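Visitor: Please put the structure up. I would like to go through it by question and answer.

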Amino acid sequence: MSTERIKCLIIGSGPAGYTAAIYASRANLNPVVYEGAQPGGQLTTTTEIDNFPGYPMGVTGTSLMEDLKKQAERFGTEVRYGVVSKVDFSERPFKVEINSEKEILADTVIIATGAVAKYLGLPSEEKFRGAGVSACATCDGFFYRRKDVAVVGGGDTACEEATYLAGLCNKVYLIVRRDVLRASKAMQERVMNTPNIEILWNTNTKEILGDEFGVTGAALVNNKTGEESQINIHGFFLAIGHHPNSEVFKPYIETNAEGYIITDGKSQKTSVPGVFAAGDVQDPTYRQAIAAAGSGCRAAMDAEKFLQENQ
Ligand code: NDP
(Lines give C-alpha, C1' and ligand atoms only; values in the text may rest on other atoms or scores of the structure.)
Protein backbone atom coordinates (compact mmCIF):
# COMPACT_ATOMS: atom_id res chain seq x y z
CA MET A 1 0.00 0.00 0.00
CA SER A 2 1.46 3.39 -0.99
CA THR A 3 1.78 6.08 1.67
CA GLU A 4 1.70 9.86 1.34
CA ARG A 5 2.14 12.59 3.96
CA ILE A 6 -0.03 15.68 3.72
CA LYS A 7 -0.75 18.68 5.94
CA CYS A 8 -4.49 18.95 5.52
CA LEU A 9 -6.80 16.20 4.29
CA ILE A 10 -10.39 17.17 3.47
CA ILE A 11 -12.86 14.31 3.18
CA GLY A 12 -15.96 15.20 1.17
CA SER A 13 -16.73 17.56 -1.70
CA GLY A 14 -19.94 19.41 -0.84
CA PRO A 15 -20.09 23.13 0.06
CA ALA A 16 -18.37 22.42 3.42
CA GLY A 17 -15.46 20.46 1.89
CA TYR A 18 -14.79 22.92 -0.93
CA THR A 19 -15.09 26.01 1.25
CA ALA A 20 -12.64 24.42 3.69
CA ALA A 21 -10.38 23.74 0.68
CA ILE A 22 -10.54 27.37 -0.51
CA TYR A 23 -9.51 28.64 2.92
CA ALA A 24 -6.91 25.92 3.56
CA SER A 25 -5.22 26.39 0.18
CA ARG A 26 -5.10 30.16 0.61
CA ALA A 27 -3.42 29.52 3.99
CA ASN A 28 -0.76 27.36 2.25
CA LEU A 29 -1.91 24.10 3.84
CA ASN A 30 -1.74 22.37 0.41
CA PRO A 31 -5.04 20.56 1.01
CA VAL A 32 -6.06 17.37 -0.73
CA VAL A 33 -9.81 16.77 -1.16
CA TYR A 34 -11.15 13.25 -1.53
CA GLU A 35 -14.49 13.64 -3.26
CA GLY A 36 -16.25 10.59 -1.79
CA ALA A 37 -18.98 8.47 -3.33
CA GLN A 38 -21.03 11.46 -4.51
CA PRO A 39 -18.69 14.12 -5.97
CA GLY A 40 -20.19 17.55 -5.31
CA GLY A 41 -22.41 16.18 -2.54
CA GLN A 42 -26.17 16.38 -2.10
CA LEU A 43 -26.55 19.66 -4.03
CA THR A 44 -25.74 17.85 -7.26
CA THR A 45 -29.08 16.05 -6.87
CA THR A 46 -31.08 19.30 -6.69
CA THR A 47 -32.10 21.57 -9.52
CA GLU A 48 -32.31 25.32 -8.89
CA ILE A 49 -30.87 26.85 -5.72
CA ASP A 50 -32.41 30.23 -4.95
CA ASN A 51 -31.13 30.82 -1.44
CA PHE A 52 -27.33 30.69 -1.84
CA PRO A 53 -26.17 34.31 -1.40
CA GLY A 54 -24.52 35.88 -4.42
CA TYR A 55 -26.78 34.41 -7.08
CA PRO A 56 -29.66 36.86 -7.54
CA MET A 57 -31.21 34.75 -10.31
CA GLY A 58 -30.52 31.37 -8.67
CA VAL A 59 -27.99 28.73 -9.69
CA THR A 60 -28.18 25.00 -10.38
CA GLY A 61 -26.67 22.67 -7.79
CA THR A 62 -24.26 21.22 -10.33
CA SER A 63 -22.90 24.54 -11.53
CA LEU A 64 -22.55 25.87 -7.96
CA MET A 65 -20.47 22.82 -7.07
CA GLU A 66 -18.38 23.10 -10.24
CA ASP A 67 -17.66 26.75 -9.39
CA LEU A 68 -16.68 25.89 -5.81
CA LYS A 69 -14.37 23.14 -7.08
CA LYS A 70 -12.72 25.47 -9.61
CA GLN A 71 -12.29 28.14 -6.94
CA ALA A 72 -10.58 25.63 -4.61
CA GLU A 73 -8.33 24.37 -7.46
CA ARG A 74 -7.40 27.95 -8.41
CA PHE A 75 -5.55 28.24 -5.08
CA GLY A 76 -3.82 24.87 -5.43
CA THR A 77 -6.23 22.36 -3.87
CA GLU A 78 -5.76 18.88 -5.26
CA VAL A 79 -9.10 17.15 -5.83
CA ARG A 80 -9.05 13.37 -6.13
CA TYR A 81 -11.65 10.70 -6.63
CA GLY A 82 -11.72 8.23 -3.75
CA VAL A 83 -13.65 7.00 -0.75
CA VAL A 84 -12.27 6.64 2.78
CA SER A 85 -12.34 2.97 3.77
CA LYS A 86 -10.70 3.11 7.22
CA VAL A 87 -9.13 5.59 9.63
CA ASP A 88 -6.82 5.46 12.60
CA PHE A 89 -7.02 8.67 14.63
CA SER A 90 -5.27 7.22 17.71
CA GLU A 91 -2.07 9.23 17.07
CA ARG A 92 -0.67 11.92 14.79
CA PRO A 93 -0.13 11.93 11.91
CA PHE A 94 -3.61 10.50 11.39
CA LYS A 95 -3.87 7.45 9.14
CA VAL A 96 -6.60 7.46 6.50
CA GLU A 97 -7.02 4.62 4.03
CA ILE A 98 -8.45 5.44 0.59
CA ASN A 99 -10.30 2.72 -1.36
CA SER A 100 -8.37 0.14 0.75
CA GLU A 101 -5.34 0.74 -1.50
CA LYS A 102 -3.61 3.96 -0.40
CA GLU A 103 -2.66 5.36 2.99
CA ILE A 104 -2.61 9.06 3.74
CA LEU A 105 -0.70 10.34 6.76
CA ALA A 106 -2.39 13.64 7.59
CA ASP A 107 -1.37 16.30 10.12
CA THR A 108 -4.96 17.57 10.17
CA VAL A 109 -8.23 16.12 8.86
CA ILE A 110 -11.44 17.96 8.01
CA ILE A 111 -14.44 15.63 7.84
CA ALA A 112 -17.10 17.01 5.48
CA THR A 113 -18.84 13.81 4.44
CA GLY A 114 -22.41 15.12 4.65
CA ALA A 115 -25.56 13.08 5.16
CA VAL A 116 -27.92 10.85 3.18
CA ALA A 117 -31.71 10.71 3.16
CA LYS A 118 -33.40 7.99 5.22
CA TYR A 119 -35.76 5.49 3.58
CA LEU A 120 -38.52 3.41 5.18
CA GLY A 121 -36.80 0.13 4.34
CA LEU A 122 -39.60 -1.43 2.28
CA PRO A 123 -38.57 -3.78 -0.54
CA SER A 124 -40.99 -1.98 -2.91
CA GLU A 125 -39.31 1.31 -2.08
CA GLU A 126 -36.02 -0.12 -3.31
CA LYS A 127 -37.71 -1.58 -6.40
CA PHE A 128 -39.22 1.76 -7.49
CA ARG A 129 -36.33 4.02 -6.50
CA GLY A 130 -35.87 6.40 -9.41
CA ALA A 131 -39.16 5.17 -10.92
CA GLY A 132 -41.52 7.14 -8.70
CA VAL A 133 -39.74 6.87 -5.35
CA SER A 134 -37.55 9.85 -4.48
CA ALA A 135 -36.07 11.57 -1.43
CA CYS A 136 -35.86 14.97 -3.10
CA ALA A 137 -38.99 16.82 -4.21
CA THR A 138 -37.05 19.75 -5.60
CA CYS A 139 -34.99 17.37 -7.77
CA ASP A 140 -37.80 15.21 -9.08
CA GLY A 141 -41.08 17.04 -8.49
CA PHE A 142 -41.02 18.36 -12.03
CA PHE A 143 -41.69 14.84 -13.39
CA TYR A 144 -45.04 14.67 -11.55
CA ARG A 145 -46.64 17.86 -12.81
CA ARG A 146 -50.46 17.70 -12.61
CA LYS A 147 -50.28 14.18 -11.09
CA ASP A 148 -51.08 12.91 -7.60
CA VAL A 149 -48.15 12.28 -5.23
CA ALA A 150 -47.45 11.48 -1.58
CA VAL A 151 -44.89 12.78 0.88
CA VAL A 152 -43.99 10.80 4.02
CA GLY A 153 -42.95 12.62 7.18
CA GLY A 154 -44.15 15.28 9.58
CA GLY A 155 -41.11 17.54 9.96
CA ASP A 156 -40.12 20.81 8.28
CA THR A 157 -38.68 18.98 5.28
CA ALA A 158 -41.90 17.04 4.68
CA CYS A 159 -44.00 20.21 4.97
CA GLU A 160 -41.65 22.17 2.73
CA GLU A 161 -41.63 19.41 0.12
CA ALA A 162 -45.41 18.99 0.31
CA THR A 163 -46.04 22.70 -0.30
CA TYR A 164 -43.47 22.76 -3.10
CA LEU A 165 -45.12 19.76 -4.76
CA ALA A 166 -48.59 21.26 -4.23
CA GLY A 167 -47.55 24.04 -6.61
CA LEU A 168 -46.73 21.51 -9.33
CA CYS A 169 -49.01 18.54 -8.75
CA ASN A 170 -52.73 17.94 -8.78
CA LYS A 171 -52.88 16.56 -5.24
CA VAL A 172 -50.40 15.85 -2.46
CA TYR A 173 -51.03 13.35 0.34
CA LEU A 174 -48.93 13.97 3.43
CA ILE A 175 -48.50 10.65 5.24
CA VAL A 176 -47.87 11.32 8.95
CA ARG A 177 -47.28 8.52 11.44
CA ARG A 178 -48.59 10.42 14.47
CA ASP A 179 -51.55 12.79 14.98
CA VAL A 180 -49.30 15.86 15.12
CA LEU A 181 -46.71 17.45 12.88
CA ARG A 182 -43.19 17.92 14.21
CA ALA A 183 -42.68 20.87 11.85
CA SER A 184 -42.52 24.52 12.99
CA LYS A 185 -45.85 26.36 13.41
CA ALA A 186 -45.21 28.49 10.31
CA MET A 187 -44.66 25.40 8.16
CA GLN A 188 -47.71 23.69 9.63
CA GLU A 189 -49.83 26.70 8.73
CA ARG A 190 -48.54 26.69 5.17
CA VAL A 191 -49.54 23.06 4.83
CA MET A 192 -52.97 23.58 6.42
CA ASN A 193 -53.63 26.55 4.13
CA THR A 194 -52.76 24.68 0.94
CA PRO A 195 -56.02 23.27 -0.39
CA ASN A 196 -54.54 20.45 -2.48
CA ILE A 197 -52.60 18.88 0.43
CA GLU A 198 -54.46 16.18 2.33
CA ILE A 199 -52.91 15.00 5.59
CA LEU A 200 -53.32 11.32 6.41
CA TRP A 201 -52.82 11.17 10.19
CA ASN A 202 -51.68 8.08 12.15
CA THR A 203 -50.79 6.43 8.90
CA ASN A 204 -47.99 4.06 7.96
CA THR A 205 -47.02 2.88 4.50
CA LYS A 206 -47.26 -0.88 4.11
CA GLU A 207 -46.09 -1.11 0.54
CA ILE A 208 -45.56 1.00 -2.55
CA LEU A 209 -47.51 -0.31 -5.51
CA GLY A 210 -46.52 -0.12 -9.13
CA ASP A 211 -46.10 -1.72 -12.52
CA GLU A 212 -43.37 -1.84 -15.19
CA PHE A 213 -43.74 1.94 -15.72
CA GLY A 214 -43.24 2.86 -12.06
CA VAL A 215 -45.30 3.78 -9.00
CA THR A 216 -49.10 3.65 -9.25
CA GLY A 217 -50.13 3.78 -5.59
CA ALA A 218 -49.43 3.01 -1.96
CA ALA A 219 -50.99 0.59 0.50
CA LEU A 220 -51.52 2.30 3.84
CA VAL A 221 -52.59 1.32 7.32
CA ASN A 222 -53.99 3.44 10.12
CA ASN A 223 -51.82 2.61 13.13
CA LYS A 224 -54.63 3.48 15.60
CA THR A 225 -57.57 1.60 14.04
CA GLY A 226 -55.72 -0.95 11.89
CA GLU A 227 -57.87 0.13 8.93
CA GLU A 228 -56.17 -0.46 5.59
CA SER A 229 -56.51 1.81 2.57
CA GLN A 230 -54.96 2.55 -0.79
CA ILE A 231 -54.11 5.77 -2.58
CA ASN A 232 -53.43 6.20 -6.28
CA ILE A 233 -50.23 8.17 -6.80
CA HIS A 234 -47.36 8.43 -9.29
CA GLY A 235 -44.72 9.85 -7.00
CA PHE A 236 -43.72 8.78 -3.46
CA PHE A 237 -41.42 11.21 -1.69
CA LEU A 238 -39.49 10.38 1.49
CA ALA A 239 -38.91 13.24 3.95
CA ILE A 240 -38.24 11.36 7.18
CA GLY A 241 -34.86 12.80 8.01
CA HIS A 242 -31.23 12.20 7.17
CA HIS A 243 -28.42 9.95 8.33
CA PRO A 244 -24.95 11.47 8.76
CA ASN A 245 -22.05 9.80 6.93
CA SER A 246 -19.93 9.32 10.05
CA GLU A 247 -19.76 5.51 10.31
CA VAL A 248 -16.08 5.11 9.43
CA PHE A 249 -15.01 7.75 12.01
CA LYS A 250 -17.12 6.54 14.94
CA PRO A 251 -14.45 4.35 16.61
CA TYR A 252 -12.43 7.52 17.26
CA ILE A 253 -14.75 10.54 17.05
CA GLU A 254 -17.55 11.39 19.47
CA THR A 255 -21.01 11.53 17.88
CA ASN A 256 -24.53 12.01 19.25
CA ALA A 257 -27.11 9.21 19.36
CA GLU A 258 -28.04 9.81 15.70
CA GLY A 259 -24.41 9.68 14.58
CA TYR A 260 -23.88 13.43 14.05
CA ILE A 261 -20.30 14.39 14.91
CA ILE A 262 -20.12 16.58 18.01
CA THR A 263 -18.16 19.80 17.56
CA ASP A 264 -16.91 22.03 20.33
CA GLY A 265 -18.94 25.23 20.78
CA LYS A 266 -18.61 27.64 17.89
CA SER A 267 -15.49 25.88 16.61
CA GLN A 268 -15.39 22.88 14.28
CA LYS A 269 -13.13 20.90 16.66
CA THR A 270 -14.10 17.26 17.21
CA SER A 271 -13.20 15.12 20.23
CA VAL A 272 -9.81 14.38 18.59
CA PRO A 273 -7.44 17.40 18.51
CA GLY A 274 -6.41 18.01 14.89
CA VAL A 275 -9.57 16.47 13.43
CA PHE A 276 -12.33 18.89 12.49
CA ALA A 277 -15.85 18.39 11.11
CA ALA A 278 -17.96 20.68 8.93
CA GLY A 279 -21.28 20.60 7.10
CA ASP A 280 -24.22 18.23 7.44
CA VAL A 281 -22.20 15.44 9.11
CA GLN A 282 -22.14 17.64 12.24
CA ASP A 283 -25.32 19.67 11.72
CA PRO A 284 -28.69 18.02 12.37
CA THR A 285 -30.48 21.37 12.50
CA TYR A 286 -29.74 23.82 9.68
CA ARG A 287 -28.63 21.53 6.84
CA GLN A 288 -28.26 24.41 4.40
CA ALA A 289 -25.54 24.84 1.78
CA ILE A 290 -24.57 28.26 3.06
CA ALA A 291 -24.41 27.02 6.67
CA ALA A 292 -22.22 24.11 5.53
CA ALA A 293 -19.95 26.50 3.61
CA GLY A 294 -19.61 28.72 6.70
CA SER A 295 -18.62 25.77 8.87
CA GLY A 296 -16.10 24.67 6.21
CA CYS A 297 -14.46 28.10 6.46
CA ARG A 298 -14.25 27.76 10.25
CA ALA A 299 -12.85 24.22 10.04
CA ALA A 300 -10.00 25.36 7.76
CA MET A 301 -9.19 28.27 10.07
CA ASP A 302 -9.24 25.91 13.06
CA ALA A 303 -6.90 23.53 11.19
CA GLU A 304 -4.50 26.37 10.34
CA LYS A 305 -4.38 27.47 13.99
CA PHE A 306 -3.87 23.88 15.13
CA LEU A 307 -0.88 23.48 12.79
CA GLN A 308 0.66 26.75 14.01
CA GLU A 309 0.34 25.62 17.63
CA ASN A 310 1.45 22.00 17.08
CA GLN A 311 4.45 22.14 14.78
P1 NDP B 1 -37.08 15.66 11.31
O2 NDP B 1 -36.26 14.67 12.03
O3 NDP B 1 -37.34 16.98 11.95
O4 NDP B 1 -38.50 15.02 10.98
C5 NDP B 1 -38.62 13.75 10.47
C6 NDP B 1 -40.10 13.43 10.32
O7 NDP B 1 -40.21 12.15 9.72
C8 NDP B 1 -40.83 13.38 11.66
O9 NDP B 1 -42.12 13.89 11.53
C10 NDP B 1 -40.87 11.87 11.96
O11 NDP B 1 -42.00 11.50 12.68
C12 NDP B 1 -40.98 11.30 10.55
N13 NDP B 1 -40.42 9.97 10.47
C14 NDP B 1 -39.20 9.53 10.86
N15 NDP B 1 -39.04 8.22 10.60
C16 NDP B 1 -40.20 7.82 10.05
C17 NDP B 1 -40.67 6.57 9.59
N18 NDP B 1 -39.89 5.47 9.62
N19 NDP B 1 -41.92 6.51 9.08
C20 NDP B 1 -42.70 7.60 9.02
N21 NDP B 1 -42.32 8.82 9.45
C22 NDP B 1 -41.08 8.92 9.97
O23 NDP B 1 -36.37 15.82 9.88
P24 NDP B 1 -36.49 16.98 8.80
O25 NDP B 1 -35.69 16.53 7.65
O26 NDP B 1 -37.89 17.37 8.57
O27 NDP B 1 -35.76 18.21 9.49
C28 NDP B 1 -34.43 18.10 9.98
C29 NDP B 1 -34.01 19.45 10.56
O30 NDP B 1 -33.89 20.44 9.55
C31 NDP B 1 -35.03 19.99 11.57
O32 NDP B 1 -34.35 20.60 12.62
C33 NDP B 1 -35.79 21.00 10.76
O34 NDP B 1 -36.37 22.02 11.57
C35 NDP B 1 -34.73 21.55 9.82
N36 NDP B 1 -35.33 22.07 8.57
C37 NDP B 1 -35.67 23.39 8.52
C38 NDP B 1 -36.26 23.90 7.38
C39 NDP B 1 -36.61 25.33 7.35
O40 NDP B 1 -36.60 25.95 8.41
N41 NDP B 1 -36.93 25.90 6.22
C42 NDP B 1 -36.54 23.09 6.20
C43 NDP B 1 -36.18 21.70 6.37
C44 NDP B 1 -35.60 21.23 7.52
P45 NDP B 1 -42.15 11.86 14.26
O46 NDP B 1 -42.49 13.30 14.30
O47 NDP B 1 -43.25 10.96 14.67
O48 NDP B 1 -40.84 11.51 14.88
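Guide: This is a predicted model, in which local features need pLDDT of at least 70 and side-chain atom pairs count only at pLDDT 80 or more, while totals for chains, interfaces and linings use all residues. Residues are numbered from 1 along each chain as its sequence is written, and side-chain values use heavy atoms, with hydrogens and water left out.

Visitor: Which residues have the most contacts inside the largest nonpolar core?
Guide: A nonpolar core here is a set of buried Ala, Val, Leu, Ile, Met, Phe, Trp, Tyr and Cys residues joined through side-chain atoms within 4.5 Å. Buried means under 20% relative accessible area, exposed over 50%, and partly exposed in between, with a 1.4 Å probe and protein chains only. The largest such core has 30 residues, and those with the most contacts inside it are Ile10, Tyr18, Leu64 and Ile110.

Visitor: Which element supplies the largest share of this core?
Guide: Helices (H or I, at least four residues) and strands (E, at least two) are DSSP runs, numbered from the N terminus. At least two residues of the core come from each of β1 (2-11), α1 (15-26), α2 (61-74) and α7 (289-309). The largest share, seven residues, is that of α7.

Visitor: How far apart are the centres of the two domains?
Guide: The chain is divided into domain 1 (2-116 + 242-309) and domain 2 (119-238), with bounds from an automatic or database domain assignment. Taken over C-alpha atoms, their centres are separated by 32 Å.

Visitor: Is Gln282 buried or exposed?
Guide: Gln282 lies in the loop between β19 (275-277) and α7. Its side chain has a polar atom 2.8 Å from the backbone oxygen of Gly279, and is 3.1 Å from the side chain of Gln268 in a polar contact (N or O atoms within 3.5 Å, one able to donate a hydrogen and the other to accept it; residues adjacent in sequence count only if both atoms are side-chain atoms). Because its relative accessibility is 13%, Gln282 counts as buried.

Visitor: What is the omega of the peptide bond from Arg92 to Pro93?
Guide: Most peptide bonds are trans. Pro93 is in the loop between β6 (84-88) and β7 (94-98). The bond from Arg92 to Pro93 is cis, with omega near -5°.

Visitor: Does Asn28 count as buried or exposed?
Guide: Asn28 lies in the loop between α1 and β2 (32-34). Although it is not a glycine, Asn28 has a positive phi of about 60°. Since its relative accessibility is 55%, Asn28 counts as exposed.
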